[in-house]
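Hi everyone, thanks for coming.

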Amino acid sequence: MKNLFLSAAIVLGGLTSFASTSPISNTIVKAVTIQDEYTEIKVVEVPVAVTDALKKAYPDAVLTKAYKNTKSEYKLEVAVGDKVGSLFANADGTWIKK
C-alpha cells in the first residue's frame with residue numbers, strides 16, 4: 001500500500017512539472033496610412049507633360065477625372081476599355097508608385 005501511494009505521488013509530482021503555462025503575449029500591429037489630400041481639378045488643368053505621358057504609356061486611355069495635392073502631384077482616374085483605375089504622376093509627367 002505504501003508503494004502505491006509513493007508511486008502515485010511520484011507520478012502526480014512529475015505531471016505538475018509539465019503543466020506550466022507559457023506567458024501570453026498580445027502583439028498589436030498598428031497600421032497608419034498617410035493619405036495626401038487631393039482636390040479635384042478640371043481635366044483641362046492637368047499639365048501637358050502629364051497628359052503626354054499618359055498618351056505615351058496608355059494610348060487608349062481616357063482621362064475621366066483629375067486631382068491635385070499640395071506637392072503638385074496628380075491623381076488621374078483613367079478608363080481603358082472596360083477597366084477603370086488610378087494613376088499618380090508628378091507635374092513633369094513622371095509616374096509615382098503609391
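Predicted model: local features only at pLDDT ≥ 70, side-chain atom pairs only at ≥ 80, totals over all residues.

I'll go from confidence to overall layout, then through the sheet, and finish with a few side chains.

First, the ground rules. Residues are numbered from 1 along each chain as its sequence is written, and side-chain values use heavy atoms, with hydrogens and water left out.

On confidence, pLDDT is the predictor's own confidence in each residue, on a scale from 0 to 100. The mean for this protein is 82, and 64% of its residues reach 70 or more. Which elements have the lowest and the highest mean pLDDT? The lowest is α1, at 60, and the highest is β2, at 95.

Now the layout. There are two helices and five strands, and along the sequence they follow the pattern α-β-α-β-β-β-β. Those elements are DSSP runs numbered from the N terminus: helices are H or I with at least four residues, strands are E with at least two.

For the totals, the protein has 98 residues, and buried ones make up 21% of them. Buried here means under 20% relative accessible area, exposed means over 50%, and partly exposed is in between, using a 1.4 Å probe and protein chains only. The accessible surface comes to about 8100 Å², with 59% belonging to carbon and sulfur atoms; that is Shrake-Rupley with a 1.4 Å probe, and for residues only the protein chains shown count as cover. As for contacts, meaning heavy atoms within 4.5 Å, take those between residues at least 6 apart in sequence: 42% of them join residues at least 24 apart.

On to the sheet. The five strands form an open sheet in the order β1-β2-β3-β4-β5, with antiparallel pairing. Because β1 and β5 stand at the edges with a single partner strand each, one side of each is left without a neighbour in the sheet. Two strands count as paired if DSSP finds at least two bridges between them.

Let's walk across it. β1 and β2 run antiparallel and are joined by three bridges; Ile-41 has Ala-66 in β2 as its bridge partner. Next, six bridges pair β2 with β3, again antiparallel, and Val-62 stands opposite Ala-79 in β3. These two strands make a hairpin with five residues between them, and Ser-72 in the turn has a positive phi of about 60°.

Between β3, residues 74–80, and β4 there are seven antiparallel bridges. Here Val-80 stands opposite Lys-83, and Tyr-74 stands opposite Ala-89. This hairpin has two residues between its strands, with Gly-81 in the turn at a positive phi of about 65°. Finally, β4 and β5 pair over two antiparallel bridges, with Ala-89 opposite Trp-95. Their hairpin has five residues between the strands, and Gly-93 in the turn has a positive phi of about 90°.

Now for the rings. How many aromatic pairs does the structure hold? There are two, where a pair means ring centres within 6.5 Å for Phe, Tyr and Trp (its six-membered ring), with planes under 30 degrees apart called stacked, over 60 edge-to-face, and the rest tilted. Tyr-38 and Phe-88 make a tilted pair, 6.0 Å centre to centre with 50° between the planes. They are 50 residues apart, Tyr-38 in the loop between α1 and β1 and Phe-88 in β4. Tyr-38 is buried at 18% relative accessible area, and Phe-88 is buried at 17%.

In the other pair, Tyr-58 and Trp-95 have ring centres 6.4 Å apart and planes at 75°, so this one is edge-to-face. Tyr-58 lies in the loop between α2 and β2 and Trp-95 in β5, so the pair ties together parts 37 residues apart in sequence. Tyr-58 is partly exposed at 38%, and Trp-95 is partly exposed at 34%.

Last, two lysines. The charged end of Lys-75 sits over the ring of Tyr-67, 5.5 Å from its centre; the criterion is NZ of Lys or CZ of Arg within 6 Å of the ring centre and within 35 degrees of the ring normal. Lys-68, in β2, is partly exposed at 30% relative accessibility. Leaving out residues up to four places away in sequence, Lys-68 touches several residues, including Tyr-38 and Tyr-74.

That's my tour, and I'm happy to take questions.
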